[in-house]
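User: I'm new to protein structures and would like to learn how to read one. Can we go through it feature by feature?

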Amino acid sequence: MNFETGEIIDIIPSRHKDIYEPYFYAIPIKERHNVRCIISDMYDPYLNLDTYFSNAQFVVDSFHVIQWINHRITQY
């Protein structure tokens with residue numbers, strides 16, 4: 001998503017590595033280096049997206065942070 005215009009750029013059909021890895025590698029390296037921020041849930045494979053976007057900061061969305069905290073409190 002372009003956060004300046006709100007335009008959806010693309011949606012990939014699956015969150016599985018065998019789908020997203022070729023997709024990300026198909027993006028030219030110059031364009032991947034321009035990605036500044038990746039916002040995601042805490043799905044484990046997404047925590048390593050710096051493999052494809054080495055200049056990006058990874059940010060966990062606030063909904064999933066609160067959900068994780070609530071889950072930990074409930075477990076306690």
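This is a predicted model: local features need pLDDT of at least 70, side-chain atom pairs count only at pLDDT 80 or more; totals for chains, interfaces and linings use all residues.

User: Which residues make up the largest nonpolar core here?

Analyst: The general idea goes like this: in soluble globular proteins, nonpolar side chains tend to be buried together. In this model, the largest nonpolar core has nine residues: Tyr20, Phe24, Ile27, Ile38, Tyr46, Leu49, Tyr52, Phe53 and Ala56. Take Tyr52 as one of them. Setting aside residues up to four places away in sequence, Tyr52 touches Lys17, Tyr20, Glu21, Phe24, Tyr25 and Arg32.

User: Okay, now strands. Where do the side chains of strand 1 point?

Analyst: In a regular strand the side chains alternate between the two faces of the sheet. Strand 1 covers residues 37–40, and there Ile38 and Ser40 point to one face and are buried.

User: Which residues make the nonpolar surface patch?

Analyst: Ile39 and Val59 turn up again, along with Met1, Phe3, Ile8 and Ile11. The patch comes to about 660 Å². Ile11 sits in the segment before helix 1, and Ile11 counts as exposed because its relative accessible area is 68%, with exposed meaning over 50%.

User: What about charges? How many salt bridges does the structure hold?

Analyst: First the idea: side chains of opposite charge can pair when their charged atoms come close. This structure holds one salt bridge. Asp41 forms it with Arg15, and their closest N and O atoms are 3.2 Å apart. Asp41 lies in the loop between strand 1 and strand 2 and Arg15 in the segment before helix 1, so the pair ties together parts that are 26 residues apart in sequence.

User: Is Asp41 buried or exposed?

Analyst: Asp41 is buried, at 16% relative accessible area. Arg15 is partly exposed, at 34%.

User: Which residues does Asp61 contact, beyond its neighbours in sequence?

Analyst: Asp61 is in the loop between strand 2 and helix 3. Leaving out neighbours within four places, Asp61 is in contact with Ile39, Ser40 and Asp41. For distance, go C-alpha to C-alpha: Asp61 and Met42 are 19 residues apart in sequence and 8.3 Å apart in space.

Notes
Residues are numbered from 1 along each chain as its sequence is written. Side-chain values use heavy atoms; hydrogens and water are left out. A nonpolar core is a set of buried Ala, Val, Leu, Ile, Met, Phe, Trp, Tyr and Cys residues joined through side-chain atoms within 4.5 Å. Buried means under 20% relative accessible area, exposed over 50%, partly exposed in between (1.4 Å probe, protein chains only). Contact means heavy atoms within 4.5 Å. Patches are made of residues with over 30% relative accessible area and no salt bridge: like charges are joined within 9 Å, nonpolar side chains (Val, Leu, Ile, Met, Phe, Trp, Tyr) within 5 Å. Accessible areas come from the Shrake-Rupley method with a 1.4 Å probe; for residues, only the protein chains shown count as cover. A salt bridge is a side-chain nitrogen of Lys or Arg within 4 Å of a carboxyl oxygen of Asp or Glu. Helices (H or I, at least four residues) and strands (E, at least two) are DSSP runs, numbered from the N terminus.
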